[in-house]
2 protein chains.
Amino acid sequence: MSRATIKDVAEAAGVSIATVSRVLNDRGGASATARTVREAAERLGYAPNALARMLITQRSMTVGLLQPMVSDSFAGQVLDGVEDAAYELGYSVIVCSTGAGSSRLEHYARLLASRQVDAAVVMSTALTQTQHELLRALALPYVVVAGSTPDPGVPVVAIDGQQAAADATTALVTAGHRRIGMIAGGADDPVAGIPRVRGFVAACDTAGIAPDDRPVEHGDFGYDSGLVAMRRLLERRPDLTAVFAASDEMAVAAMTVADEQGRRVPEDLSVIGFDAIPLARMTRPPLVSVAQPLRAMGYRAMQAAEQLVRGEPLPAAAPVAHALTVGGTVGPPSGGPPFGDPVGPPSPRS
Amino acid sequence: MSRATIKDVAEAAGVSIATVSRVLNDRGGASATARTVREAAERLGYAPNALARMLITQRSMTVGLLQPMVSDSFAGQVLDGVEDAAYELGYSVIVCSTGAGSSRLEHYARLLASRQVDAAVVMSTALTQTQHELLRALALPYVVVAGSTPDPGVPVVAIDGQQAAADATTALVTAGHRRIGMIAGGADDPVAGIPRVRGFVAACDTAGIAPDDRPVEHGDFGYDSGLVAMRRLLERRPDLTAVFAASDEMAVAAMTVADEQGRRVPEDLSVIGFDAIPLARMTRPPLVSVAQPLRAMGYRAMQAAEQLVRGEPLPAAAPVAHALTVGGTVGPPSGGPPFGDPVGPPSPRS
DNA sequence: ATGAAAGCGCTAACAG
DNA sequence: CTGTTAGCGCTTTCAT
C-alpha cells in the first residue's frame, strides 16, 4: 500500500486539501470539520511528505555534520550531543565522513548544499580560507566544533587548547616535576597539534624549565605511535619524571612503555593525557586527563547552528571550559601519595 | 545571493529548462548547446535542488540509521561502515539515537517515513513484533545490523552470538580451564545478553563442566558494572581460573579486580572479552576478545538496504564470521607460556 | 472558515 | 534534439 497523500485525506474527509493543510498545522479554527479531517488522516495513516513541505518552505530542518572520522569515541560523543540538540529542535542530522583529504569535504559541502540543508556543523577541522570560501559560495551557513575557521564571524565551539595544555603542564610542575616530556600530536595539526605543544612550552618557560628538560616527540594521536614516541623520549632523557601526552591513547602507550621498563606510575613517572575518553577511567591507575565537555560542545554547536539559521544574534564565542579529570597517574617526582585533584577551570555544567 | 535555479540557468543559456535538465543529467546528446548550458551552470554556481528532484523521482537517496546509542566505539565503527558504503552508493545517512526506550524509535520511524527515506538501517536492536509492524505500516523497508527482527524475510547482518560465545569459552577450555566464570550483559538483552550466556553454558556443558563450576554474574556491559560483577564472581568462587566477559569494558574491569587482588593475568586468571574495541589492544597484556567485523557489517548492511530499495534479490542472510583476537590474557590455569592464537572461523576479508 | 489556484524546483512524458 | 505541458505533495495567497 502506497503512502496516503494530503489529497487522499481531503477526499476521505470531503474537504479541500487547503483545509486539511490548515487543520493539520493548527492554522484553522477548531471547527467541526477539524475533527473529521483528523479522523480521516488517522484512519489513512497519513504522514505529511516532509520533502514537499521543505520545497515550499525553503527550510529542510536538516543539518550536515562534517567530520574527519566518525568512528572514534571523541567524534561519537560530539555527535551524541549534536543529535540530542537536533532532536529537541526538530532537526535531522546527516553525517558525512570527510576523511583526511580536503576533496571529500568539498564533495560533501556541495552535496549538503544541493540537499538544501539549513546549516553545517564542521567538526575537528581547521578550515582553510579556500574551504571557508567554498562554504560561503554555496550559501551554506556553518558552525565549527572542536576546530577553527579563518572567519572570526563564524561561531566556534571549542576549548582553548593552548591554555588547556598549559594547565596540564602546570599541574605536573606543581607536583614538583622539572624534567617533563611531551608526546605531541601531528606537528602541523592546527587543532590538536600545534596549540598543545605551544601551551606545554609556554608553561615550561614560565616554570623556568630549560628547553633541554622538556623534550617533545610527535605521534599521530594513536596508541602505536605513542609507544614509539615514548621510547624515543626516554632514550633522549631517561631521567624524565613526567609525561604529558596530547591524546589518551598516547598517554596509555606511555604507561605501557613505563611498565615494560619497570617504571611505576605514578611513583617513577607521572602521566597526563588529553581528551578523557572512556578508556582513561579504565587504566590502572586511572589516567589524569584534560577533559573537554564533548557532548555539551556538540549540543551547543547544534544550538548555535539553529540560531544561525533563524538569524538570531549569537552570543560571543567564548572558549568552552576544560578541566583535569581525577586520576592516579600524577604524583611527586620521587614517589609519595598520589596526586590527582582537579586543576584548572571547573568543567561546565553539562 | 540566493541560489541559482534551473530556470536561471535556462535563461542564461537561452534554452528551456527541460534542455538544462537533460544536459545536466547526460540524457541529451553532446550538441553545441550542451556546452553553453554547462558554462552557464558553472558561471552561476548552479547546484540542482535535490529536494525537488526527490519529490518527483520518489527517491530520496537517503537512509536512516536507528541506533540505541551513537557515542560508543561499537556504534561508531558500524556507522563508519554504513557511511562509507552510503558514500559509494550516492546515499546520505541520517543518524537517529533511539535510546533505551521504545518510544523514541517509534518517533524516529515516523520522522524518517515522513522524510521519505528510502530505507532504514536498524542497529543493535532486537525489534519486537510491534516495532516490526510499525515499520511495515509506514512502508519503510529496513535491514538489521547487529540485532534481530521477528520477520525472517528481513535482511540481518550479524554474527552468531551464541556460537561466538561458545567459541570463546571453548578456547578457555582448550587452554585447560575447568572453573570458568562469566560476566554477562543484561539478563534479558536479546542481542548481546541471552545468546552469549547460552553459548557459554552450552560450551561448558559440552566440556563436562558442572553448573557450579561455571558461575554467571550480570552487568550492563559497562566498566563499573564489570567491577561489581567480577567481585561477586570471585566471592562465589575464589578458585576461578578464567573469566569470559560479554564486553571488553567488563573484561578490563575483571583485569582491574584481578590486579587489586594480586592475581596476575594470565598466570593466575585468564580473561576473554567481547567486541575487540580499540581499548582491547591497549591493556597489559592485550586482551583476547571476540571480534565482530563491525565496519564490514555496517558496510554490508548499507549495501543490503540499497538492494532492498532497488528491489534486487538479496543473498541469503548467513551470519557474519567472528574471530578471537590475538592477545596475552589467556593461558593455562597453572601458569605457563601465554596463549593467544586465533580460534574460531577466520575473520572475513574486509 | 473554506475552496480555488498558483507555485516551490525539478523530471518526464509528449509533441514538434 | 528541443520546447511545451504536466505534475511530485505540499503551503499559501486570494477570493468566496
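The exercises below work through a predicted model, with a solution after each task.

**Exercise 1. Helix H6 of chain A**

Task: Find how far helix H6(A) reaches from its first C-alpha to its last, list which of its residues are buried, and say what they pack against.

Solution: 
- Step 1. Start with the span. H6(A) covers residues 103-114, which makes 12 residues, and reaches 17 Å from first C-alpha to last.
- Step 2. Look for burial. The buried residues of H6(A) are Arg104(A), Leu105(A), Tyr108(A), Ala109(A), Leu112(A), Ala113(A) and Ser114(A).
- Step 3. Find the neighbours. In chain A, the buried residues of H6(A) pack against strand E1 (62-67), strand E2 (92-97) and helix H7 (129-137). In chain B, they pack against helix H4 (50-57) and helix H5 (73-89).
- Step 4. Check what comes after the helix. Gln116(A) follows H6(A) and has a positive phi, near 65°.

**Exercise 2. Aromatic pairs**

Task: Count the aromatic pairs over all chains, then describe one that crosses between chains.

Solution: 
- Step 1. The count over all chains is 6 aromatic pairs.
- Step 2. One of them is formed by Tyr108(A) and Tyr87(B), with 5.5 Å from centre to centre and 50° between the planes, a tilted arrangement. This pair crosses from helix H6 of chain A to helix H5 of chain B.
- Step 3. Tyr108(A) has 2% relative accessibility and so counts as buried. Tyr87(B), at 27%, counts as partly exposed.
- Step 4. Now turn to a pair within chain A: Phe244(A) and Phe274(A) are also tilted, at 6.3 Å centre to centre and 45° between the planes. Phe244(A) belongs to strand E8 (residues 242-245) and Phe274(A) to strand E9 (residues 270-275), so the pair links distant parts of the chain, 30 residues apart.
- Step 5. Phe244(A) is buried at 0% relative accessibility, and Phe274(A) is buried at 0% too. Ring pairs join Phe200(A), Phe244(A) and Phe274(A) into a cluster.
- Step 6. Look over the ring faces. Arg104(A) lies over the face of Tyr87(B), 3.7 Å from the ring centre. Arg196(A) lies over the face of Phe274(A), 3.6 Å from the ring centre.

**Exercise 3. Strand E2 in both chains**

Task: Show how E2(A) and E2(B) are joined, and decide whether the faces of E2(B) are covered or open.

Solution: 
- Step 1. E2(A) and E2(B) run antiparallel and are joined by 3 bridges. Ile94(A) has Ile94(B) as its bridge partner.
- Step 2. On chain B, E2(B) is also joined by 6 bridges to strand E1 (residues 62-67), and these two run parallel. Here Leu66(B) is partnered with Cys96(B).
- Step 3. Examine the faces. In a regular strand the side chains alternate between the two faces of the sheet. In E2(B), one side holds Ser92(B), Ile94(B) and Cys96(B), the other Val93(B), Val95(B) and Ser97(B), and all are buried, leaving both faces covered.
- Step 4. Zoom in on Ser92(A), which sits in strand E2 of chain A. Ser92(A) is buried because its relative accessible area is 3%, and the cut-off is under 20%. Its side chain makes a polar contact of 3.1 Å with the side chain of Arg115(B). Beyond its sequence neighbours within four places, Ser92(A) touches residues of both chains, including Met61(A), Val63(A), Ile94(B) and Leu111(B).

**Exercise 4. The six-stranded sheet**

Task: Give the strand order of the open sheet of 6 strands in chain A and find which strands stand at the edges.

Solution: 
- Step 1. The order is E7-E6-E8-E9-E10-E11, with mixed pairing.
- Step 2. Strand E7 (216-218) and strand E11 (323-324) stand at the edges: each has a single partner strand, so one side of each lacks a neighbour in the sheet.
- Step 3. Inspect one pairing. Strand E6 (residues 180-184) runs parallel to E8(A), with 4 bridges between them. Ile183(A) stands opposite Ala245(A).

Conventions:
Residues are numbered from 1 along each chain as its sequence is written. Chains are lettered from A and ligands numbered from 1 in the order in which they are written. This is a predicted model: local features need pLDDT of at least 70, side-chain atom pairs count only at pLDDT 80 or more; totals for chains, interfaces and linings use all residues. Side-chain values use heavy atoms; hydrogens and water are left out. The expected span of a helix is 1.5 Å times one less than its number of residues. Buried means under 20% relative accessible area, exposed over 50%, partly exposed in between (1.4 Å probe, protein chains only). Contact means heavy atoms within 4.5 Å. Rings of Phe, Tyr and Trp (its six-membered ring) pair if their centres lie within 6.5 Å; planes under 30 degrees apart count as stacked, over 60 as edge-to-face and the rest as tilted. A charge sits over a ring if NZ of Lys or CZ of Arg is within 6 Å of the ring centre and within 35 degrees of the ring normal. A polar contact is a pair of N or O atoms within 3.5 Å; within protein, one must be able to donate a hydrogen and the other to accept it, and residues adjacent in sequence count only if both atoms are side-chain atoms. Two strands pair if DSSP finds at least two bridges between them.
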